[in-house]
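Colleague: I have some questions about how the terms are used here. Can we go through them one by one?

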Amino acid sequence: MAVLPIRISGDPVLHTPASPVAVIDDELRALVADMFETMDAAPGVGLAGPQVGVPLRLFVFSYTEDTGDEDTGDDDDTRTLREYRGVAINPELFITPTSVEPADPDTESEGCLSFPGERFPLVRGEAAILRATDLDGRPYEIEAEGWLARIFQHEFDHLDGLLYVDRIDPVYAKVARKIERKKGWGVPGLAWLPGVDELDA
Ligand code: ZN
């Protein structure tokens with residue numbers, strides 16, 4: 001197992017659609033183990049193949065959902081934590097339509113390990129259904145809402161060669177481009193190594 005370098009915006013692998021996983025073998029199992037280790041070290045809630053330089057359609061995710069029951073107004077005894085952690089191989093994603101309202105910077109800002117240390121608001125579909133295959137080749141489905149649905153949409157975009165900064169409103173995109181220039185990103189071959197490189201957030 002090893003922590004892998006995470007590619008930074010500008011590397012071609014991040015901006016090119018990935019190919020389907022053809023076979024689940026020892027090599028792929030080792031890659032997935034390394035991706036989990038890298039995601040945890042970053043730390044992050046998701047990591048896609050292209051982010052570690054592997055142009056294949058798979059991502060790992062790890063997110064603990066706080067399912068507080070808002071209806072009762074008494075969230076002490078109804079609150080439960082549910083952990084979602086897994087690998088999505090050759091995923092499909094079905095997304096509810098996005099709101100036409102502008103993104104709320106307080107509740108809808110996301111970040112990306114390939115655009116490290118920054119966050120920008122982005123409207124996402126409130127719910128999503130993920131269909132994918134696990135490491136044993138078994139198909140599964142997760143119905144996601146809220147932040148988990150956002151994570152799935154973010155990671156799925158990586159497989160199509162899209163970063164979330166490609167989707168943000170022009171006013172934020174301008175800031176993102178400025179940051180990218182200032183940090184010397186936007187060129188091939190840049191990466192950072194969790195646990196070694198400091199993030200100047
Ligand atoms: Zn990302």
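Colleague: What share of the 201 residues in the chain is buried, and what makes a residue buried?
Modeller: Buried residues make up 44% of the 201 residues in the chain. Buried means under 20% relative accessible area, exposed means over 50%, and partly exposed lies in between, with a 1.4 Å probe and protein chains only. This is a predicted model, where local features need pLDDT of at least 70 and side-chain atom pairs count only at pLDDT 80 or more, while totals for chains, interfaces and linings use all residues. Residues are numbered from 1 along each chain as its sequence is written, and side-chain values use heavy atoms, with hydrogens and water left out.

Colleague: Why is H158 called buried?
Modeller: H158 has 1% relative accessibility, so it counts as buried. It lies in helix α2.

Colleague: What does H158 touch?
Modeller: Leaving out residues up to four places away in sequence, H158 touches A48, P50, Q51, C112 and L163. Contact means heavy atoms within 4.5 Å.

Colleague: Which residues coordinate the zinc ion?
Modeller: C112 through SG, H154 through NE2 and H158 through NE2, at 2.0 to 2.2 Å. Donors are N, O and S atoms within 2.8 Å of the metal (3.2 Å for Na, K and Ca). Water is not among the atoms, so sites may look incomplete.

Colleague: How are the donor residues of the zinc ion spaced in sequence?
Modeller: The spacing is C-x41-H-x3-H. C112 lies in strand β5 (residues 109-112) and H154 in helix α2 (residues 146-159), so this pair ties together parts that are 42 residues apart in sequence. Both C112 and H154 are buried.

Colleague: What makes a stretch a helix or a strand, and how many of each are there in the chain?
Modeller: Both are DSSP runs, numbered from the N terminus: helices are H or I with at least four residues, strands are E with at least two. The chain has three helices and nine strands. Along the sequence the pattern is β-α-β-β-β-β-β-β-β-α-α-β.

Colleague: How do you know that the radius of gyration agrees with a compact globule?
Modeller: With 201 residues, a compact globule would have a radius of gyration near 17 Å; the chain has 17 Å, which agrees. The radius is taken over C-alpha atoms, and the globule rule is 2.2 Å times the number of residues to the power 0.38. Along its principal axes, the C-alpha trace spans about 50 × 45 × 30 Å.

Colleague: What share of the contacts joins residues at least 24 apart?
Modeller: It is 70%, among contacts between residues at least 6 apart in sequence. P12 and G189 are 177 residues apart in sequence and 8.3 Å apart in space. D197 and P5 are 192 residues apart in sequence and 9.8 Å apart in space.

Colleague: Why is P12 called partly exposed?
Modeller: P12 has 44% relative accessibility, so it counts as partly exposed. It is found in the loop between β1 (6-7) and α1. D197 is also partly exposed, with a relative accessible area of 36%. D197 is in the segment after β9 (191-192).

Colleague: Where is R85, and what is it in contact with?
Modeller: R85 is found in strand β4. Leaving aside neighbours within four places in sequence, R85 is in contact with F36, M39, D40, F61 and S62. The C-alpha atoms of R85 and F61 are separated by 5.4 Å, though the two are 24 residues apart along the chain. R85 is partly exposed, with a relative accessible area of 40%.

Colleague: What makes the phi of N90 worth a remark?
Modeller: Phi of N90 is near 45°, a positive value in a residue other than glycine. Most residues other than glycine have a negative phi, and most peptide bonds are trans. N90 is in strand β4 (residues 81-95).

Colleague: Which peptide bond is cis?
Modeller: The bond from A42 to P43 is cis, with omega near -10°. P43 is in the loop between α1 (26-41) and β2 (46-48).

Colleague: How many side chains count as positive and negative?
Modeller: There are 18 positive and 39 negative side chains. Lys and Arg count as positive and Asp and Glu as negative, while His and the chain ends are not counted. The centres of the two sets lie 8 Å apart, each charge being placed at NZ of Lys, CZ of Arg, CG of Asp or CD of Glu.
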